Amino acid sequence: MNLTLFLLFPLATAIGILIAKGLKQIRVIALIGAVLQLILSGKLLLAYYEQRATGNQAQMLFEYIQKWYGPLNLEYHIGVDGISIAMILLTAFVVVAGILVSWETNHLSKEFFFLLVLLSLGAYGFFISLDVFTMFFFLEVAVIPKFLLIGIWGSGKKEYSAMKLALMLMGGSALILVGMLGIYFSSKTAAGAHSFDLLELAKMNIPLARQMLFFPFAFIGFGIFTAIFPFHTWVPDGHASAPTAASMFLAGISMKLGGYGCLRVATYLMPDAAHAYAWVIILLATIAIIYGAFATMMQTDLKYINAYSSVSHCGFVLLGIGMLTQTSINGAVMQMVSHGLMTALFFAAIGMVYSRTHTRMVAQLGGLLKIMPFISTVFVIAGLCSLGLPGFSGFAAEMTVFMGSWQNPDKWYRLATILACASIVVTAVYILRAAGKSIMGPLGNDSYKDLTDAKWYEKSAAILLIFGILVVGMAPFWLINLIQPGTEFIMNKLAVVATGL
Amino acid sequence: MTNIPLTNILFLSTALFFIGAYGLFTRRNMITMLMSVELMLNSVNINFVAFNKYLYPDKLGGVFFSIFIITIAAAEAAVAIAIIINLYRSHHSIDVEDASEMKY
Amino acid sequence: MSQPLQIALIPLLPLACFLVLGLFGRKHLSSSAGVIGTLSLLVSTLLSLQTAYQYFFVSGKVNGVFQKLVVFQYNWLEFAPDLSINIGLMIDPITVMMLVVVSFVSLMVHLFSLGYMKGEERFATYFAFLSLFTFSMLGLVLSSNIFQIYLFWELVGVSSFLLIGFYFEKPSAVAAAKKAFIVTRFADLGFLIGILTLAFYTKTLDFGLLIERLSTASTYLSDINAASFLGISALSWGLVLVFIGGAGKSAMFPLHIWLPDAMEGPTPVSALIHAATMVVAGVFLVARLFPVFALSDPEALKLVMYTGAFSAFFAAVIACTQTDIKRVLAYSTMSQIGYMMFALGVSKYGGEDGLGYMASMFHLFTHAFFKSLLFLGAGAVIHMVHSNEMKDMGGLRKMMPITHLSFLIACLAIAGVPPFSGFFSKEEILMAAFESNRLIYGVALLTSGLTAFYMFRLYYNIFWSKPADVDGHHHGEGTLAMKIPLILLAVLAVVAGFAPIAQWVTPDGLPIESHVPITFSILPVSLAMGGILLATRMFKTQTELPTQIAQQMGGIYKAAYHKFYIDEVYLFVTKKILFNLIGKPAAWIDKNIVDGLMNLLGKITAKLSELIKGIQSGKVQDYALYFFGGIAGLVLVFIYLWK
């Protein structure tokens, strides 16, 4: 299977959008492109199973290397393992749903859909890359569209939020660049040159002192993308100001770029430092989880609620990575998938409510279940998934993280796990408060009586995401089996060091 | 014809150059600025010709270059005057201080 | 039909029903939803009975001992090679008993709801939720894996949330639903950490292995006993934490506060969830892990005992003062579950010592019938008078003869009057307590007197007290669908006591010869009679006596009436401490300090650029001058400094 297709499809879609005339043509092209991409992702999954079934035990499948810039050893090196496939599937789901919910974007629709597709291009490129530089390249591709999406189509103090988001993410990128160059100049291939190649780098051991120096750069840099405390403040403002689809992309895809990078680049390539700094990661993650949850409790705007809860939930990803056990890392990857789907769903539901009632303040809403049962049900499902109800993806992911974290017998790690577990109670509090006030209860405003329920495109978007959530939630063994081989390679690398030290 | 020492010519061209530079830095009138630039170009021309004559009398490289520069100066004057006319049309002034919309 | 399929169908039928009704009910099945739900549950019930018959009479015993049979298992989520959630179906005596209880009571409630919820706009949704709950509860009792039980534990929690909040337009219902979910969620946190602890040391999540490893001498057991935290062994921590989860669901003090509020839900729901099934999940959980409690950690079992006994007494006292009939029943439920808990607590493992365990399960069995009957009866009453308050009732015995009679039977059963079912199970419990701990026995006796008193207070206030005050065009007693469950349950409330639970449900699978001497029964029965007589004296006709007594009791009455201010304490902790001392500062810090730092960074950059932007004047002449100055500088450097 040729992975470059994952770049060509969005590219073709983007060009198609530029050529097309009028909202109707544009959105159809965007949707077709996204659906094709989803199908392609499905085929990739099948091809992956086929390869594994034939006994192909290679770490990465469908590899392809093209020298990009010889003197610096930059390569366009692509390939996937289970983890990347999970992320690609997530991206494909969220992109289709995102395009569906933006169906009625009248204002500058060409540019809007173009940027959405461009963002997805960056994400796909990032997930298939096996060359740190190429990854960085695609990461940057994914940042700029966000700035424009929020700045142009956003609401509220959008310029401020867009600027804040772009600057903080750029700051993260700068840290990543330093970490990346640090890795590059610490590496030495057989031929004696430096390398950006992830697999090459994984084979060699970067000197401990260098690791200790550069790990924080790489980890915090990627961490900013996934809202590591205290660099999470772009999340609430950014999400709150972004248009619905952008919020979905931001939370569903973009925050996952960070988690994936933390795991694939920082932790995998610098395992000694990961062990040494584990306590810092866990500390920050625990703070994010518990403090994010409490901060969520006090929010009054639905988007802020979901944004802060994202901070809390992404803390689980970092916690899972920081605990450095196989189970917890599996859990972290599952949490990325799960959080991506459920936050996208949540934002979609909030967007649907907002587009009708023109308010997102919990206090002004109320009784929506009676007026728009479909949207309200979606809202409640997203909420229940967020609070970790079995049957939805959140439960399987969180429990895997908890179980993995608990395998670490150190008592401070235990305390961190207990605090993380405690956050699910706080989550229940804020989710039920939000749902209780806005969805249930007496009608917030008499003018709501005439509002309509979801349109077909909103329904399809919600059903698609709910389908994803249910598949992960009902059959988590499927996801675990998919990512297990990938995390095993990471664990092996980590284990060698653990015994070697 | 008595031999004029090279230094005298260089002195002349240097003086010309700095007169031009001074004009360029201090004048705000675009025509004057253009004229100053021409002065600087001509000082360079003198240098080229002088060095050609005194150091490599059997070659013509310096002369070629000065012809080249004269041509370019003419083209430059044409472009610059076109800009100046446009500026005058839009701002009714050719003072550079007046055209500051793009500042910061 | 093969056995695994047959057992799997018991929970799967309600699940299918939930999916069908949930997806299509609103539009297409709004009238037939009730019938679909009821029929599917009827099949489930029949299958449960068939399973029970098979298990107890045909295949359950090997060498005279009832076995734990795992009939199906699927690796659902593998955490690590030895730690995985294997979704499975396990049957053993308590499971089989619970299957029958849950499916039967649920069937009765479905039937009753056909009449009770008639004309409700979200009729189909209601039945969908009921099915979801039934599925979760059946899944819970069939669990073969401790994590599986946690999974279904959460699901029953959420279906309870959905059902309590069914009347979502009533703010009090929403608040009650939220409260129920959050309080039990808080307790579940303990359960979760307990599971993590136990799983860490035993390297398994499977019930069979877990119990085996922790109840017989093994390296696992010595490991978990050796590890300790704050001077308490990891085993005790694990068990106590698991018990906290159970206590939350079973409304044990001090996690009981959600149960009375949960009465905001439709009354049949209260009968199903908050009387017969979900609230006994905690008892079920302790019973499931009983060998570990009894054999390896009797200290943890003591905690179960004291919690149960205290809750039983505490709730009984409050029940005497409440005026909302559903709340009286709620506190009585809590009290009866307290009975079951301390019965487990006083029990030991093996042979005749397992009497308490057996008694607890027996009481669970009988209680399910008479308590759901009480709730359904209360439902019928509320349906008629449209109020929960005692003051709006009275003298209803003539207008609702069937309800009256069945309610009376249930009251007699719960009061422990022979030969009704409650008598037998309560006697066993008292016997077990008597043999093990006299203090508990005393509390239990006192509570049983109180129970008789408050139940008959309730009975007289509804059906006697004063002449009926209902306007002419009332519903009557309701439809046939509402009467049948009352009659069936009344029959069971009478005869369930004769079920040979002692032969079937014991800790070690061996039958116990129950031996309550007739002389032993004299004291409790006369106490119950005393309670009934006192209630008759006070409440049969409307007198000033109750108010006078209440006034004489003074502070105690007031405290009990206000439920000993536990709610207020919780409110203080959550509103004042969690919200004001943690939530608000967290939000404030985030907005002002963490985000403030980021903004400060931005501001500093902006200020700096403000300072130096003058240099970038945009004037070409200035740039040329800088350029020229630079060249001149370089020239000077080259001439004078470059040697």
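**Chain A in detail**

In this predicted model, Asn73(A) is buried, because 20 other C-beta atoms lie within 10 Å and a count of 20 or more is the criterion for a buried residue. Asn73(A) belongs to the loop between strand E1 (61-69) and strand E2 (74-80) of chain A. Its phi is near 65 degrees, a positive value in a residue other than glycine.

Ala227(A) also deserves attention: its phi is positive, about 65 degrees, although Ala227(A) is not a glycine. Ala227(A) counts as buried, with 30 C-beta neighbours inside 10 Å. The loop that holds Ala227(A) runs between H8 and H9 of chain A.

Across the boundary, 41 residues of domain 1 of chain A are in contact with 47 residues of domain 2 of chain A. On the side of domain 1 of chain A that touches domain 2 of chain A, the elements that give two or more residues are helix H3 (82-101), helix H8 (208-225), helix H9 (234-241) and helix H10 (244-269) of chain A. H10(A) provides the largest share of that side, with 13 residues. By residue type, the side of domain 1 of chain A that touches domain 2 of chain A comprises 28 nonpolar, 11 polar and two charged residues.

Notes: Residues are numbered from 1 along each chain as its sequence is written. Chains are lettered from A and ligands numbered from 1 in the order in which they are written. This is a predicted model: local features need pLDDT of at least 70, side-chain atom pairs count only at pLDDT 80 or more; totals for chains, interfaces and linings use all residues. Two residues are in contact if their C-beta atoms, placed from the backbone, lie within 7 Å. Helices (H or I, at least four residues) and strands (E, at least two) are DSSP runs, numbered from the N terminus. Ala, Val, Leu, Ile, Met, Phe, Trp, Tyr, Cys and Pro count as nonpolar, Asp, Glu, Lys and Arg as charged, and the others, Gly among them, as polar. A residue is buried if 20 or more other C-beta atoms lie within 10 Å of its own, exposed if 12 or fewer, and partly exposed in between; C-beta atoms are placed from the backbone.
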